[in-house]
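Please look over the sequence and the structure below before reading this briefing. The points that follow are grouped by topic, so that each can be checked against the picture.

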Amino acid sequence: MSLVKLNIKGISYSQTQTGAYALLLSEEDGKRQLPIVIGAFEAQSIAIALEKDIKPPRPLTHDLFKTFASRFDITINKIIIHKLIDGIFYSSLICEKDGNEDVIDARTSDAIALALRFQAPIFTYPNILDKAGIELNQKDSNQDPQTTSGEQVKQSEYAHMTINQLNELLEKAVSDENYERAARLRDEISKRS
C-alpha cells in the first residue's frame with residue numbers, strides 16, 4: 001500500500017478535550033487533513049521545533065533524544081502513522097544506523113516532535129486518511145490554526161506594549177519555560193514587523 005506524505009498545518013487548543021491540543025496534519029497532494037489530539041508538553045515541543053526563534057534554556061526531552069541519537073550516528077529517516085484504533089493513532093520511527101534500518105514504535109506526538117528535529121518526512125496510509133481525515137472548507141482552511149478566539153483575546157492585551165517590552169517579556173517567558181506565552185508574544189512581535 002502506498003504512503004501519503006503529510007505536512008504540519010498547525011496546532012490549536014482542542015475543542016473536545018480540556019488541557020489537550022489538536023495537531024493538524026495535511027496531505028501534501030490533496031485536500032484532506034488529519035487532526036490528532038496531543039498533550040500540552042508534546043504540543044509545546046512541536047511548537048518549539050517549528051519556531052526556530054525560540055530556544056529553551058535547557059534541552060527538552062525530544063532535543064535530548066536528538067542529541068543522543070546524533071552522538072551515536074542514529075538517524076530517523078521517516079515516521080509512519082500506521083494504525084488507528086478507537087481514535088488512537090499508532091506510529092513508527094524508521095531509524096537507521098550503519099546502513100541498517102530498524103522500526104521503533106512511538107506515540108504519534110513524540111514521533112512528530114522527533115521528525116521535526118531530524119527533518120524527517122511524516123507519512124500515513126490512505127485508509128487512515130479515509131477513516132479520520134477531514135476536508136475543511138476554504139474559509140476554515142484560511143483561518144490561522146494556531147489561534148482560537150480565546151487566544152486572540154490574550155494577544156490583544158499586548159497591543160499597548162512597545163516592541164522592546166514585548167521582547168523583554170518574550171525572553172522572560174522562554175527563561176521561565178512558558179512556551180505557550182512565548183509563542184503568543186512572538187506572534188504579536190511578528191505582526192508588527
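Predicted model: local features only at pLDDT ≥ 70, side-chain atom pairs only at ≥ 80, totals over all residues.

Two strands are said to pair if DSSP finds at least two bridges between them.

- Strand β5, which covers residues 88–97, and strand β6, which covers residues 100–107, pair in the antiparallel sense over 8 bridges.
- Within this pairing, serine 91 stands opposite alanine 106, a residue of β6.
- The hairpin has 2 residues between its strands, and in it aspartate 98 takes a positive phi near 55°.

**The largest nonpolar core**

- The largest nonpolar core is made up of 31 residues, and those with the most contacts inside it are Leu25, Leu34, Ile76, Ile79, Ile81, Phe89 and Leu93.
- At least two residues of this core are supplied by each of several elements, among them the strands β1 (4–13), β2 (20–27) and β4 (75–85) and the helices α1 (40–50) and α4 (126–132).
- Helix α3 gives the most to this core, with 6 residues.

**The second largest pocket**

- The second largest pocket has a volume of about 310 Å³, and of the 14 residues that line it, Ile36, Val37, Gly87, Ile88 and Phe89 lie nearest its centre.
- Two or more residues of this lining come from each of β3 (32–39), β5 and α3 (108–118), and β3 provides the largest share, 5 residues.

**Glutamine 33 in strand β3**

- Glutamine 33 lies in strand β3, and it counts as buried because its relative accessible area is 6%, whereas the cut-off for buried is under 20%.
- Glutamine 33 and isoleucine 8 are 25 residues apart along the chain, and their C-alpha atoms are separated by 9.5 Å.

**Helix α8**

- Helix α8 has 14 residues (residues 179–192), so at 1.5 Å a residue it should span 20 Å, and this agrees with its end C-alpha atoms, which are 20 Å apart.
- The buried residues of α8 include Tyr179, Ala182, Ala183, Leu185 and Ile189, and also the residues Arg184, Arg186, Asp187 and Glu188.

Terms used: Residues numbered from 1 in each chain as written. Heavy atoms only, no water. Helix = DSSP H or I, 4+ residues; strand = E, 2+ residues; numbered from the N terminus. Expected span 1.5 Å × (residues − 1). Buried < 20%, exposed > 50% of the residue type's maximum accessible area, 1.4 Å probe, protein only. 1 Å grid on protein atoms, 1.4 Å probe; cavity = no way out; pocket = protein on both sides within 12 Å on 5 of 7 lines; lining within 4 Å. Points joined across faces, edges and corners; volume = space filled by probe spheres on them. Core = buried A, V, L, I, M, F, W, Y, C linked by side-chain atoms within 4.5 Å.
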